[in-house]
Every structure is written in structure tokens, then in C-alpha cells.
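Here is a friendly walk through one protein model, starting with its aromatic rings and moving on to its sheet, a helix and the nonpolar cores. Keep the 3D view open as you read.

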Amino acid sequence: MRILVAHCVTAARNGGMSRLMGFLHDECEKKYGWQTDYLCSDGLPGWVLRRASQFVFPILVLRRIWWARHRGQPYDIINVHEPSAVAAVFMSRFGSKSQVIVTTHGLEQRAWELDKAEAKLGRKRLRWRSRVLRTLTILWPSRYALKHARHIFCLNEQDKEYLQRWLGRKADSITRLFPGINPIFLDGAEVRSYQRADKLLFAGTWRHNKGIIELVETFEALARKNPTLTLTVLGAGVSKEEVVKAFSEEIRQRIDVIPFATETESAAIFGAADIFLLPSLFEGTPLTLIEAMASGLPVITTDTCGMRDVIQHNVNGLLVPIRNATAIANAVGRLRESLDLRLSLGRQANADASRKYSWTRSALPVMEVYLSIQAERD
């Protein structure tokens with residue numbers, strides 16, 4: 001079987017999307033010897049990525065599909081990210097033998113509804129030009145692709161239920177995927193003592209949907225009362241200066257920003273932290289959350305999206321409402337005051353991650369879908 005994975009992110013496995021797609025298809029190759037090619041954003045000029053990727057990348061997907069057919073080596077499966085899928089799905093409906101699966105790492109329509117709610121609350125500005133362009137270049141094409149794709153991979157139960165209500169997709173045409181972990185993250189749990197509760201860790205891109213407003217408000221409030229408290233920001237994807245300027249000048253020296261780290265380096269950073277914070281407003285299921293659990297970290301995250309699927313409140317982590325810095329601060333306070341709570345949540349998180357979230361296990365639903373599509377064609 002020949003598979004094309006087309007996602008407009010760098011091929012380097014330093015982000016959640018590239019790691020998820022890469023490691024899942026590594027397992028497919030190990031198990032069945034399937035060939036996977038990747039079409040990523042590497043090589044695109046910076047101005048294209050910033051201003052025109054929504055136009056250019058779908059054309060590149062079509063060109064890759066056509067070129068493979070021209071060489072007599074057509075792809076059996078095309079796994080393409082939601083915002084870039086419209087052209088491939090359209091072509092598949094009119095004569096192409098390649099079957100298109102759309103992968104969504106958080107539905108664009110739901111993200112848009114969240115952004116509009118944020119704008120009404122005065123927390124985010126939406127320009128009219130952005131509204132129009134987003135509708136024409138992302139929302140409409142995504143809707144078409146999701147409605148007509150052969151199958152959909154999504155990353156949380158809310159997205160799966162939404163797709164069934166919104167587009168009338170049948171449940172068996174949507175598969176919910178979970179990330180896996182590198183076993184190296186489990187090492188941190190073996191040596192964790194849980195005696196400290198001073199080092200907070202946030203791992204994720206420095207974007208609005210990751211809850212950075214709440215993160216800043218929470219640390220500002222906690223830092224004033226707790227002089228030993230520190231915050232590490234891992235994988236922000238922006239400069240240290242951009243991150244620290246969001247905080248008051250007097251606490252900036254207590255912020256450590258690490259833009260990128262290898263998996264080995266990340267595992268060491270997770271292992272050195274005491275509490276993991278993920279105040280996201282919206283996403284799929286973040287790989288960093290699973291890695292934090294594997295490291296035995298007590299987790300505080302929001303009661304939405306994939307976080308709700310993975311974390312059981314007061315069992316393997318703490319869930320808080322979105323947009324609520326006070327609730328996050330109170331949860332940190334609970335953990336700082338109770339060694340027993342830190343220990344019970346962290347150990348259960350580690351046990352759940354080691355049992356449920358290996359890449360081998362996470363790839364099984366992907367293989368089942370691919371095999372089912374192949375069997376129908378044969």
C-alpha cells in the first residue's frame with residue numbers, strides 16, 4: 001500500500017502534528033511494510049506560509065497526486081490535514097482511485113466558533129477582512145472536505161460528535177485517534193519523589209487557543225504569593241522575548257523559555273518539573289499532555305476537547321473550566337498543599353499513560369481503517 005500524508009507543517013518531528021502523523025505511520029510501516037510519503041511545508045517561502053499557504057498547499061497536494069499517477073505509482077491512501085484537503089477530496093469524487101482521509105487536529109469550524117465567542121468577550125480581535133478570508137479559504141473548503149471525504153480521523157470525542165450533528169456523518173466513518181508516547185518519558189516517573197511543588201511547566205505553542213491569557217494571569221497571581229515558584233515554557237515556537245514580555249517585569253526572571261527540545265531533552269524537562277499546566281481553550285488531544293502523564297506529573301488542564309477524554313478529575317489529574325485563571329490558581333494551591341494528592345494523581349497518570357498510549361496501540365485504529373479501505377477496493 002502507498003500512502004501520502006500531506007500536512008502543511010515542517011517534516012521535522014518537533015511539533016504535535018508532525019510527530020503524531022510520523023510515529024503512527026512508522027508503526028504502519030513496521031507492521032505491514034506500507035510505503036508512506038510525506039508532503040510538508042519545508043521548502044515553501046516564508047511569505048507563502050504566512051499569507052498564502054491555504055491556496056498554495058492544496059495545489060501542491062494535487063500536483064503530488066498527479067505526479068504519482070503519471071509515474072504509474074498512484075497512492076492508495078491520501079491522508080491530508082483538514083484545511084488543505086478540499087482539492088484532493090474534490091478530485092477523488094470524480095475519477096481518482098486514491099481514497100482521501102481527512103485528519104483534523106481540532107475542527108476549524110469549532111475553532112472559529114470559539115474565536116467569535118472570544119471576540120464577543122473582548123479577549124480577541126477579529127477583523128472583517130480576516131472573517132471573510134477565513135470563511136472563503138478555510139471554513140468552506142474544510143466543510144466540503146469533511147462532508148465528502150472517504151473517512152475522517154479526529155482527535156477528540158467532542159469533534160466526533162460535532163461532525164455527526166453538523167454534517168450528518170455516520171459514526172463508523174469517523175475514527176478518534178489518540179497520541180502515543182516515547183517510553184523515555186516514563187523514566188521521569190521512576191525517580192520522581194513528589195516532595196517539591198515549585199516548578200510549573202507549560203508545554204505548547206504560544207497561541208491564544210492554548211490558554212496563554214489564563215497562564216499569564218495564573219502565574220502572576222501565584223508568583224506574588226510564592227517567591228520560590230518558577231514557570232518553564234517549552235516549545236513556544238516564538239522567541240523568549242515574546243513570551244516574557246507578557247509577564248510583569250518583576251517576575252520575568254522566574255520564567256524559563258525553551259523554544260524547542262528533542263524528545264530526550266523534553267523528557268528531562270518534564271522529569272524536572274513538579275506540576276504541569278495546560279489551560280487550553282481548544283485543540284485536539286495534545287501529545288504534551290500524554291507525555292506529562294507518562295512522566296508522572298500532576299496535571300491541571302481544562303475540561304474540554306481531548307483533555308476531557310484523557311483526564312478524570314481527581315483521579316489522574318485536575319480539570320478546570322476554560323477562561324478561569326482563578327480555578328487554575330486554586331488547583332495549583334491544592335497540589336502545593338498536599339503531597340498525597342500530588343502523589344496519587346501523578347502515579348495514576350503514569351499508570352494510565354504507560355497502559356493506554358504506546359504508539360503501537362495508537363496506530364491500530366489507523367491500520368484498521370486503511371485495511372478496510374483496501375479490502376473494499378480489492
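## Aromatic pairs

Searching the whole structure turns up 14 aromatic pairs; rings of Phe, Tyr and Trp (its six-membered ring) pair if their centres lie within 6.5 Å, and planes under 30 degrees apart count as stacked, over 60 as edge-to-face and the rest as tilted. Phenylalanine 153 and tyrosine 370 make a tilted pair, with 6.2 Å centre to centre and 45° between the planes. This pair links distant parts of the chain, 217 residues apart: phenylalanine 153 is in strand S5 (residues 151–154) and tyrosine 370 in helix H16 (residues 359–377). Helices (H or I, at least four residues) and strands (E, at least two) are DSSP runs, numbered from the N terminus.

Phenylalanine 153 counts as buried because its relative accessibility is 1%, and tyrosine 370 is buried at 0%. Here buried means under 20% relative accessible area, exposed over 50%, and partly exposed in between (1.4 Å probe, protein chains only). Phenylalanine 270 and phenylalanine 276 form a stacked pair, because their ring centres are 5.9 Å apart and their planes at 25°.

## About the model

This is a predicted model, where local features need pLDDT of at least 70 and side-chain atom pairs count only at pLDDT 80 or more, while totals for chains, interfaces and linings use all residues. Residues are numbered from 1 along each chain as its sequence is written, and side-chain values use heavy atoms, leaving out hydrogens and water.

Six strands form an open sheet in the order S9-S8-S7-S10-S11-S12, with parallel pairing; two strands pair if DSSP finds at least two bridges between them. At its edges are S9 and strand S12 (318–320), each pairing on one side only.

The buried residues of helix H9 pack against strands S7 (199–203), S8 (230–234), S9 (255–258) and S10 (275–278), and against helix H14 (325–337). Among those buried residues are Ile212, Leu215, Phe219 and Leu222.

## Cores and threonine 288

The largest nonpolar core has 64 residues, and Trp206, Phe276, Met293 and Ile300 have the most contacts inside it. Such a core is a set of buried Ala, Val, Leu, Ile, Met, Phe, Trp, Tyr and Cys residues joined through side-chain atoms within 4.5 Å. A second, separate core of 29 residues includes Phe57, Leu146, Ala149 and Leu163.

Threonine 288 lies in helix H12 (residues 287–294) and counts as buried at 14% relative accessibility. Neighbours within four places in sequence aside, threonine 288 is in contact (heavy atoms within 4.5 Å) with Arg19, Ala203, Phe270 and Phe276.
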